[in-house]
Amino acid sequence: MKYKKSFAISILTALFLSANAQKEATLLVNTQKAVAPIAPTMWGVFFEDINLGADGGIYAELVKNRSFEFSKPLMGWSVKGKKFGEGDVLVQNRQELQISNPRFLRLNIKQAAKGDAGITNEGFRGMGIKKDIRYDFSLMYRQLRGNVTLHLELVDDKNNVIGIGTLKPNATNDDWNKQQASLVAIATVEKAKLNIWFEGNGLIDLDMVSLFPSDTWKERPGGMRKDMIQMLADMKPGFIRFPGGCIVEGIDLANRYQWKKTIGPIEDRQLIMNRWNVEFGHRPTPDYFQTFGLGFYEYFQLAEDIGAEPLPILNCGMACQYNTGEVVPLDQLGPYIQDALDLIEFANGDATTEWGKKRIAMGHKEPFNLKYLGVGNENWGPQYIERAKLFKDKIKEKYPNIQLIYSSGTDPDSERYHFLDKQLRSIGADIIDEHYYRSPDWFLKNAARYDSFDRKGPKIFAGEYAAHVDGKITGSNRNIWQAAIAEAAFMTGLERNAEVVTMASYAPLFAHGEGWQWAPDLIWVNNLTVYGTPNYEVQKMFSVNKGTHVLNANLNGKPLTGENGLYASSVIDENKKEIIVKVVNTSGEAKKQTLSFEGNKKLASQVSITSISADLNDKNAFDKPRNIYPKEEKVKINGKNLNLSIPANGVAMVKVAYK
Ligand code: AHR
């Protein structure tokens, strides 16, 4: 009897222990109690004109150096034909008569037939031309005498003509005129060129020689490349940060980004050298300039188009500290702060305001509802804090509701970072911008970085990040799955800490296969096509499935932050009525993980599981753009429990609807 009793007790104990062990091995998702709201801005995009991101990228202009303002005024152009003699092709400079666009081309045409006298533009690594698409050619001209006809030709790399058009100037006088003609392409060519042949006799000046496809984003004339913008729209980003990045700071202050010079008629937008032209000795890009055809108005419009909050970053009176570190004396910072105040008025002001009126004149009556503004990019030191405080005082005095974002430098762990973080907290910063370009290992080790951050302090903007694999790997080869899965693991930590981290963006965004300076990048393009990297698929998965509130998802009472190579986060979307769990398995073995959805929500009987997995060295490429791509399956769920299989080196996202 005694024996029997103790036997019964041991069975009970064993049952209890095994039930507990089972419970311990279960990832418990508490669907009942939201931990914190997730900001609608949580996942966004970082845009900078780097890697031919704007000129030669989303800005669909096909003519390179259209206004002859590059340092070498005929860069991108060649002159051809036997009828051009000495002095017949001249770059003239109006200097102070037209400071923002002083140069133009003067051509003396003497009894020329088609093919006798012409100029050719090579485009940005060639021009991407698509069959059956209309191309709109335009220019500003001044026909001083005679009668000249312009024959337009698109040609492929073997000089086969793939599109023709004619432009006959309407006017012969001393004024600048604008005129347009169209061509329809009969073939698709990745690296076409534009010939302009001059026929007749005359003296003619040319400027702003331009060619745009008609199939731009939203079919806007002079607009953006549709395929590239679609990639952004597909991410449903919560914000778009612009215009950078380092181009905000400039090599020196003269080279900084000045938004006021990027609005209004495009012929008056003063071009500057893009700092990425000379930044890296091993990736020189001598033909990289910022024409600002894509300026602040267009960025705001883009933000609106894709449903993202506009998030401009402005120069704070400091040039890049890796380059010159030039600063504006504190008592001369006024114009820089005024630029910030005027930008808010440009975005939000009505017709009674000076800058609001300018926005309305450009075609946008309604305000852009600017809510966020960045003060400086990757600036540091006491000199930054002094300037940041002055910006803060003046901006908050006039616009207390604008959320200001401040830089914490370039390094998330250094003395420099801790100094800035402390100082910014002490001045009551709204949002602190952290940047990390680190090894995959750093990302894995930092999945719990924000667990200990003060919930009541400033919010965090993970403003630029990317896992950088071994420096010996270059270009798009750096966008391998090893980097993307490390980012995914880290992002579960951002999501779990959405109470503190309210914005995050991978950087940089775009790279041209033949025109890049910095890699890895989120999206790679050539003149005709575009593909998303595995990193893009990860970003999109988080962004499109961001939810409205964080849920606790615990194993053994703690979040999963790397135990056995597993990382997890969970959210609820109260609008779509969905619970979403993301589990990342960074180990080389497939894993089984039981999930239990705790609480009294009535779950659907079927869940969707989207997974991405690959070998760590795998990547996407122009010829295999979807080599690494999410796969979705539907499975039945047994009550509240789900036995989830997560592939080796894989990400699995579970989505279940509830009532
Ligand atoms: O994203 C590329 C560069 O990295 C950005 O311009 C700069 O902010 C950072 O150093």
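Guide: A search of the whole structure finds 36 salt bridges. A salt bridge here is a side-chain nitrogen of Lys or Arg within 4 Å of a carboxyl oxygen of Asp or Glu. This is a predicted model, in which local features need pLDDT of at least 70 and side-chain atom pairs count only at pLDDT 80 or more, while totals for chains, interfaces and linings use all residues. Residues are numbered from 1 along each chain as its sequence is written, and side-chain values use heavy atoms, with hydrogens and water left out.

One of the salt bridges joins Asp215 to Lys130, with 2.9 Å between the closest N and O atoms. This pair links distant parts of the chain, 85 residues apart: Asp215 is in the loop between strand S11 (189-213) and helix H2 (226-235), and Lys130 is in the loop between strand S7 (127-129) and strand S8 (134-155). The helices (H or I, at least four residues) and strands (E, at least two) are DSSP runs, numbered from the N terminus. Asp215 counts as buried because its relative accessibility is 14%. Lys130 has 31% and so counts as partly exposed. The cut-offs for these words are under 20% relative accessible area for buried and over 50% for exposed, with partly exposed in between, using a 1.4 Å probe and protein chains only.

A second salt bridge is formed by the side chains of Lys396 and Asp430, at 2.7 Å from N to O. Asp430 is buried, because its relative accessible area is 17%.

Another pair is Lys472 and Asp470, whose closest N and O atoms are 3.7 Å apart. Lys472 is exposed, with a relative accessible area of 72%, and Asp470 is partly exposed at 44%. Salt bridges can also share partners, and in this way Lys64, Glu122, Arg125 and Asp287 are joined into one network.

Next comes Lys582, which is placed in strand S27 (residues 578-585). Its relative accessible area is 0%, so Lys582 is buried. The side chain of Lys582 makes a polar contact of 2.7 Å with the side chain of Glu495, and the side chain of Lys582 also reaches the backbone oxygen of Asn545 at 2.8 Å. A polar contact is a pair of N or O atoms within 3.5 Å; within protein, one must be able to donate a hydrogen and the other to accept it, and residues adjacent in sequence count only if both atoms are side-chain atoms. Apart from neighbours within four places in sequence, the residues in contact with Lys582 include Thr492, Met541, Phe542, Tyr567 and Met653. Contact means heavy atoms within 4.5 Å.

Leu152 counts as buried because its relative accessibility is 1%. With neighbours within four places in sequence left aside, Leu152 is in contact with residues including Phe137, Ile164, Ala181, Leu183 and Ile196.

Asp174 is found in the loop between strand S9 (161-167) and strand S10 (177-184). Its relative accessibility is 58%, so Asp174 counts as exposed. Not counting residues up to four places away in sequence, Asp174 touches Arg142 and Leu144. From Asp174 to Asp205 there are 31 residues in sequence and 9.9 Å in space, C-alpha to C-alpha.

The cysteines remain. A disulfide is a covalent bond between the sulfur atoms of two cysteines. The rule used here asks for a pair of cysteine sulfur atoms within 2.5 Å, and by this rule the count comes to zero disulfides. For Cys246, the closest cysteine sulfur is that of Cys320, 5.1 Å away, which is too far for a bond. Both residues are classed as buried: Cys246 because its relative accessibility is 12%, and Cys320 because its relative accessibility is 1%.
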